[in-house]
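Work through the exercises below with the structure open. Try each task before you read its solution.

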Amino acid sequence: MPILQTLANATGETAHLSLMMGQHLRPLAHAYSATHSTRVMLEDTESFPFHATSSGLATLAFQPDSVQRLVLSQPLTKLTRLTETDPLAISARLETIRNQGWAESRGGYEADVHSIAAPLFDTFGHCIGALSVAAVSSRMTDSQRSAIRPVLIRAANEITALWGGSLPPAIAAIWHKAA
């Protein structure tokens, strides 16, 4: 929680951590910044769709091919006009996410929410969830996005290390350059 609150305060936005539980991505914890009275709110009981959220995309990008194929073979609900539901387009996006080390969603889950997420890893270097910063779309300017990414990556690295996780070497190299 202290890392989530620090991340929320540093970005002025909502920070949240989600973990894979079976075939679902579930929110585990969140923190709100007091900077803005209008903020992205989370429900503890919801499950995040892999294809429509930055947390889902960041998590899915670092799953084995078999898990990606299973998720993308299911019906992908169009939640907003911006929700991508084409499995081939999502697969291409997952490749980009693996190469850059973070994911972004602009209105895929809720039309007025823009989020950026970084994957979280366990002891064996397997991705088990994601850390995300979510903001009202009108506040997510290019400069805000650029400011959030390194703080988010440092926090994801810190959480991974705190619970005894291990970054895959490729991610460690990408994050070292980004932070």
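**Exercise 1. Helix against helix**

Task: Find which residues of helix 1 meet which residues of helix 5, then describe how the two helices run.

Solution. 
- Step 1. Bear in mind that this is a predicted model.
- Step 2. List the helix 1 side: I3, L7, A10 and T11.
- Step 3. List the partners in helix 5: Q144, I148, V151, L152, A155, E158, I159 and L162.
- Step 4. Sort the contact by class. It has 9 nonpolar, 2 polar and 1 charged residues.
- Step 5. Turn to geometry. Two packed helices are described by the angle between their axes and the distance between the axes.
- Step 6. Helix 1 spans residues 2-11 and helix 5 spans residues 142-162. Their axes come within 10 Å and cross at roughly 170 degrees.
- Step 7. Compare that angle with the cut-off: over 145 degrees counts as roughly antiparallel. Helix 1 is therefore roughly antiparallel to helix 5.

**Exercise 2. The sheet**

Task: In what order do the 5 strands of the open sheet lie, and in which sense do they pair?

Solution. 
- Step 1. Recall that strands of a sheet pair through backbone hydrogen bonds, either parallel or antiparallel.
- Step 2. Read the order across the sheet: 2-1-5-4-3. The pairing is antiparallel.
- Step 3. Strand 2 and strand 3 (103-106) each pair on one side only.

**Exercise 3. The neighbours of strand 1**

Task: How many bridges join strand 1 to strand 2, and how many join strand 1 to strand 5?

Solution. 
- Step 1. Take strand 2. It is joined to strand 1 by 7 bridges, and the two run antiparallel.
- Step 2. Look at the link. Strand 1 and strand 2 form a hairpin with 2 residues between them. In the turn, G22 has a positive phi of about 65 degrees.
- Step 3. Now take strand 5 (residues 127-136). Strand 1 (residues 14-21) pairs with strand 5 over 6 bridges, also in the antiparallel sense. Here A15 has V133 as its bridge partner.

**Exercise 4. The largest pocket**

Task: Which residues are closest to the centre of the largest pocket, and which element gives the largest share of its lining?

Solution. 
- Step 1. Note the volume of the largest pocket, about 340 Å³.
- Step 2. Go to its centre. Of 18 lining residues, Q23, H24, F50, V71 and Q74 are the closest.
- Step 3. Name the elements that give two or more lining residues: strand 2 (24-31) and helix 3 (65-73). Helix 3 gives the largest share, 3 residues.
- Step 4. Class the lining: 11 nonpolar, 7 polar and no charged residues.

Definitions and conventions. Residues are numbered from 1 along each chain as its sequence is written. This is a predicted model: local features need pLDDT of at least 70, side-chain atom pairs count only at pLDDT 80 or more; totals for chains, interfaces and linings use all residues. Side-chain values use heavy atoms; hydrogens and water are left out. On a 1 Å grid over the protein atoms alone, a cavity is a set of points where a 1.4 Å probe fits but cannot get out, and a pocket is an open set with protein on both sides within 12 Å along at least five of seven lines; lining residues have an atom within 4 Å of a point. Grid points are joined across faces, edges and corners, and a volume is the space filled by probe spheres set on the points. Helices (H or I, at least four residues) and strands (E, at least two) are DSSP runs, numbered from the N terminus. Ala, Val, Leu, Ile, Met, Phe, Trp, Tyr, Cys and Pro count as nonpolar, Asp, Glu, Lys and Arg as charged, and the others, Gly among them, as polar. Axes are lines fitted to C-alpha atoms, for helices over the stretch in contact, and angles run from 0 to 180 degrees between N-to-C directions. Angles under 35 degrees count as roughly parallel, over 145 as roughly antiparallel, 65 to 115 as roughly perpendicular and the rest as oblique. Contact means heavy atoms within 4.5 Å. Two strands pair if DSSP finds at least two bridges between them.
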